[in-house]
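The following note sets out some points for a colleague to check against the coordinates.

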Amino acid sequence: MRIAALMAGGLLLAGGAAPALAQQTPERCTASRLQVRLDRVDPGAGNRYAPLVFTNRSGASCTLYGHPGLVMIDGKGDALRTRVRRGTEAERELTLKPGASARATLHWTVVETGAEKTCPTATRLLVIPPDERSYLTIGFPAGRVCDDGRLDVTPLS
């Protein structure tokens, strides 16, 4: 009878049988695997809230962890000052099966603060999935964002 031996390529079992392959960890969800949309904007007392929904449009499961990146774009295609403030809620790794979704909640104000006289109007939003450099562009019908371009965002859940 042979003794099991560990080799660089894997584990050899008694009798030379190959072990069952361990379940592979899904790859990270990249921008090319995702679709992003802004759900219904909920207004209230000068504040706006909206879910930012990430859907796995690929044929394989993938993982997301953390907060998305955001950049506001005006009607001329120019980037607007965007200050993203991350929520302090616990981050957790999410596995999205094909067609499954995760969401982060966006919050902003439409009321001038401090010395602000006007607030820039964004028409699009560049959305960068966590740990990515590539981005997706979506419409941003929410309009003006005050407090010097501040968007609050929760981690994906």
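A disulfide is here a pair of cysteine sulfur atoms within 2.5 Å. The points below refer to a predicted model.

1. By that criterion the structure contains 2 disulfides. When the bonded cysteines of the protein are numbered in sequence order, the pairing reads 1-2, 3-4.

2. One of the disulfides joins Cys29 and Cys62, with the sulfur atoms 2.1 Å apart. The torsion about the S-S bond of Cys29 and Cys62 is about 90 degrees, and the disulfide is therefore right-handed. Cys29 belongs to the loop between strand S3 (27-28) and strand S4 (34-38), while Cys62 belongs to strand S7 (residues 62-64), so the pair ties together parts that are 33 residues apart in sequence. Is Cys29 buried or exposed? Cys29 counts as buried because its relative accessibility is 0%, and buried means under 20% relative accessible area. Cys62 is likewise buried, with a relative accessible area of 0%.

3. Cys119 and Cys146 form a disulfide whose sulfur atoms are 1.9 Å apart. This link is right-handed, with 110 degrees about the S-S bond. Cys119 is in the loop between strand S11 (101-109) and S12, and Cys146 is in the loop between S13 and S14, so the pair ties together parts that are 27 residues apart in sequence. Both Cys119 and Cys146 are buried.

4. Strands S12 and S13 also take part in an open sheet of 3 strands, ordered S8-S12-S13 and paired antiparallel. Strand S8 (69-73) and S13 are at the edges; each has a single partner strand, so one side of each is left without a neighbour in the sheet. From one strand to the next, the twist averages 30 degrees. Strand S12 (residues 121-128) is joined to S13 by 6 bridges. Within this pair, Thr121 stands opposite Arg144 in S13.

5. Most residues other than glycine have a negative phi. Ala45, although not a glycine, has a positive phi of about 50 degrees. Ala45 is located in the loop between strand S5 (42-44) and strand S6 (47-56), and is exposed, with a relative accessible area of 81%.

6. Asp147 is not a glycine either, yet has a positive phi of about 60 degrees. Its position is in the loop between strand S13 (136-144) and strand S14 (150-153). Asp147 is buried, with a relative accessible area of 18%.

Methods: Residues are numbered from 1 along each chain as its sequence is written. This is a predicted model: local features need pLDDT of at least 70, side-chain atom pairs count only at pLDDT 80 or more; totals for chains, interfaces and linings use all residues. Side-chain values use heavy atoms; hydrogens and water are left out. Helices (H or I, at least four residues) and strands (E, at least two) are DSSP runs, numbered from the N terminus. Buried means under 20% relative accessible area, exposed over 50%, partly exposed in between (1.4 Å probe, protein chains only). Two strands pair if DSSP finds at least two bridges between them. Axes are lines fitted to C-alpha atoms, for helices over the stretch in contact, and angles run from 0 to 180 degrees between N-to-C directions.
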